[in-house]
Amino acid sequence: MSAIEIIKFPDPILREKSRPVTDVDGLLQGIIDQMVETLYEVPGLGVAAPQVGKSLSLFVYDMTLKEGEKQKLTVLMNPEIVSREGEEIAEEGCLSIPDYWEKVKRSSRILVKGIDRHGKEIRIEAEGLHARLIQHEIDHLNGVLMLDHLSSLKRNILLRKIKKAKKTG
Ligand SMILES: [Zn+2]
């Protein structure tokens, strides 16, 4: 088992709405293990299944990743935001749109429900960066990207940058 390369924008799989997970089987566990391995090799806090080419409602994240603390992995499948409160704007990046950060407005507090890797129902209360990360990953499962939250002016600047980077890289 090894890490998988993160799929980059504008790959069309990033625009697909992912399928809910229905079978918590060995095949699924293999996909999760690969995603976890990928998570700990990339410079990001979370990885959503579409980013590794799987159109499944599943993401993995670890908020402690950047703090040198003990790892605290969360695997969340079929997530649904039950309630949200407040709004905040902060800089955000995406592994599928490398080297780009922009301010995005998100709910400041959310309650999410879903299932863990064994199919057990879980509820997560999150705020601040944690809430932002979950909203970003859930967007991925719906085929929504960070750039969809930007003003058309900022989005056009970003798209031009990506085109340019492709030409020179
Ligand atoms: Zn992302």
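Which residues does M35 touch, not counting residues up to four places away in sequence? The contacts of M35 are V47, A49, V52 and V60. To place them, start with the overall fold. The model is predicted.

The chain holds three helices and seven strands. Along the sequence they run α-β-β-β-β-β-β-β-α-α. The radius of gyration is 16 Å, close to the 15 Å that the globule rule gives for 169 residues, so the chain is as compact as a globular protein of that length. Along the principal axes, the C-alpha atoms fill a box of roughly 45 × 40 × 35 Å. Of the 169 residues, 28% are buried. Among contacts with a separation of 6 or more, 60% join residues 24 or more positions apart.

Now take helix α1, residues 26-39. Its 14 residues, at 1.5 Å a residue, should span 20 Å. The end C-alpha atoms of α1 are 20 Å apart, which agrees. The buried residues in α1 are I32, M35, V36, T38 and L39. They cover an arc of only 160° around the axis, so they sit on the same side of α1. An α-helix has 3.6 residues a turn, so residues three or four places apart point the same way.

L27 shows the contrast. This residue lies in helix α1. L27 counts as exposed because it has 9 other C-beta atoms within 10 Å, and the cut-off for exposed is 12 or fewer. The C-alpha atom of L27 is separated by 39 Å from that of R160, 133 residues apart along the chain.

The largest nonpolar core has 25 residues. Those with the most contacts inside this core are M35, V47, A49, L58, F59, V60 and I134. At least two core residues come from each of α1, β1, β2, β3, β6 (109-115) and α2 (128-141). Helix α2 gives the largest share, five residues.

This returns us to M35. M35 is a buried residue of α1. M35 is also among the residues with the most contacts inside the core.

Notes: Residues numbered from 1 in each chain as written. Predicted model: local features only at pLDDT ≥ 70, side-chain atom pairs only at ≥ 80, totals over all residues. Helix = DSSP H or I, 4+ residues; strand = E, 2+ residues; numbered from the N terminus. Rg over C-alpha atoms; globule rule 2.2 N^0.38 Å. Buried ≥ 20, exposed ≤ 12 C-beta atoms within 10 Å, placed from the backbone. Contact = placed C-beta atoms within 7 Å. Expected span 1.5 Å × (residues − 1). Arc of directions from axis to C-beta. Core = buried A, V, L, I, M, F, W, Y, C linked by C-beta atoms within 7 Å.
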